[in-house]
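Colleague: I would like to learn how to read a protein model. Could you walk me through one?

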Amino acid sequence: LRPTGQLSPAPVYEKRRRIEEPPKLLERAQADFSVAAGAAPMIESPVIAEEAAVASFDGPGVTYALPSGLTLASGVDESRVSLDQLQFDARRFARANPLVDETAFLMAEFTNGSQEPLLAGQETLFFLDNTLIGRGFFPAVPAGGEGALPFGPIEDLRLSHKVLSESEGDRGLITRTNEQNTTVRMEIENIGTQDWQVDVQAAVSYSTQEDLQIDWSATPAPDVVDLEDRRGVLEWTLDVAAGGASTIELREELDWPENMILR
C-alpha cells in the first residue's frame, strides 16, 4: 500500500504549437520566466471535524449546523465533524495516460443524485474497501451533477509508449518549408486475471496559425476528439481482456515556413 503515492492519472493537457520569427524568441523566454517566477498563493487546510451536521444550502454558500454543542479539548486546534454520508451507483473503469504514467488508475464515475452539493476539498482521504489508498483533491459536484473520482493505481494494467519514428528537416525546391514527423505507439497490457474497460487519453498538436500546418492520424481512431472542449485531446475506450494487450499508434506531421521557428 502506498497511501502517500500518486492517486490519480496524470492529466492530459492541450498541446498548442506556434511558429514565430527567431528574434522574438528571447522576448518570449523572458516573458515566460516572469510568469513562472510569480509565487503561487498559499492554501490553508480546511478545519474538519466528528459529530453529524445538518446542511443548509438556500443561499450561495452552504451552512452546516450541529445538532448539539461541540466540546473542544484544550490545546487541540481541530475537531472532526461528520457532515453526511451519501451513496451513489457508479461506473467503475480504468483511466490511462500512457505517455506519462506506468499504470492505469481506478476511477469511479457517478451522478450526484442527492439534493446536496458536494463541496470541493483540498485534502480529501480516499478509501477503497475500507482501506486508505491515498489523499488528494476532491472536485465540487453540484446537486444532479456528474463527478469522476480516482482510487489509486491498478498495478495489473501496465502502460508503455515508444517513439517509432521521429524526423525533422526541410524540403522543397522553390518554396522551402520545415517539417517534423513523429510516430508513437502506446500499449496497455493487462497482466492480471480481470477484464478491464480502459479510457486512454492523449493529446495531439494544434495551432491557430495558418502558416503552421498540422496533420495527425491514429490507429485505431479515437472515440472522442476535443474531449471536454479541449482542442487536440483524444480519448479511446478499450476493452482489455485479462492476459491481453491493446495498442494505439499516433502519427503527427507539422509543416511551417523555413524562416520561422517552431515552439
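Predicted model: local features only at pLDDT ≥ 70, side-chain atom pairs only at ≥ 80, totals over all residues.

Colleague: Which helices and strands does the chain have, and what percentage of its residues count as buried?

Modeller: There are 17 strands and one helix. Out of 263 residues, 33% count as buried.

Colleague: Which residues touch the most other members in the largest nonpolar core?

Modeller: A nonpolar core is a set of buried residues such as Val, Leu and Trp, joined through side-chain atoms within 4.5 Å. Here the largest one has 32 residues, and Val 198, Val 200 and Trp 236 touch the most other members. Several strands supply at least two residues each, including strand 5 (90–96), strand 6 (103–111) and strand 11 (196–203). Strand 9 gives the largest share, five residues.

Colleague: What is Val 198 in contact with, leaving aside its neighbours within four places in sequence?

Modeller: Its contacts include Ala 94, Ala 96, Leu 157 and Trp 236. Apart from this core lies another one of six residues, with Ile 19, Leu 254, Met 260 and Leu 262 among them.

Colleague: Now to the rings. How many aromatic pairs does a search of the whole structure find?

Modeller: The search finds two. A pair of aromatic rings is described by the distance of the centres and the angle of the planes. Take Phe 88 and Phe 110: their ring centres are 5.4 Å apart and their planes lie at 20°, so this pair is stacked. Phe 88 is in the loop between strand 4 (63–65) and strand 5, while Phe 110 is in strand 6, so the pair ties together parts 22 residues apart in sequence.

Colleague: Is Phe 110 buried or exposed?

Modeller: Phe 110 counts as buried, because its relative accessibility is 9% and the cut-off is under 20%.

Colleague: Where does the charged end of Arg 91 sit?

Modeller: It sits over the ring of Phe 93, 3.9 Å from the ring's centre.

Note on methods:
Residues numbered from 1 in each chain as written. Heavy atoms only, no water. Buried < 20%, exposed > 50% of the residue type's maximum accessible area, 1.4 Å probe, protein only. Helix = DSSP H or I, 4+ residues; strand = E, 2+ residues; numbered from the N terminus. Contact = heavy atoms within 4.5 Å. Phe/Tyr/Trp six-rings, centres within 6.5 Å; stacked < 30°, edge-to-face > 60°. Lys NZ or Arg CZ within 6 Å of the ring centre and 35° of its normal.
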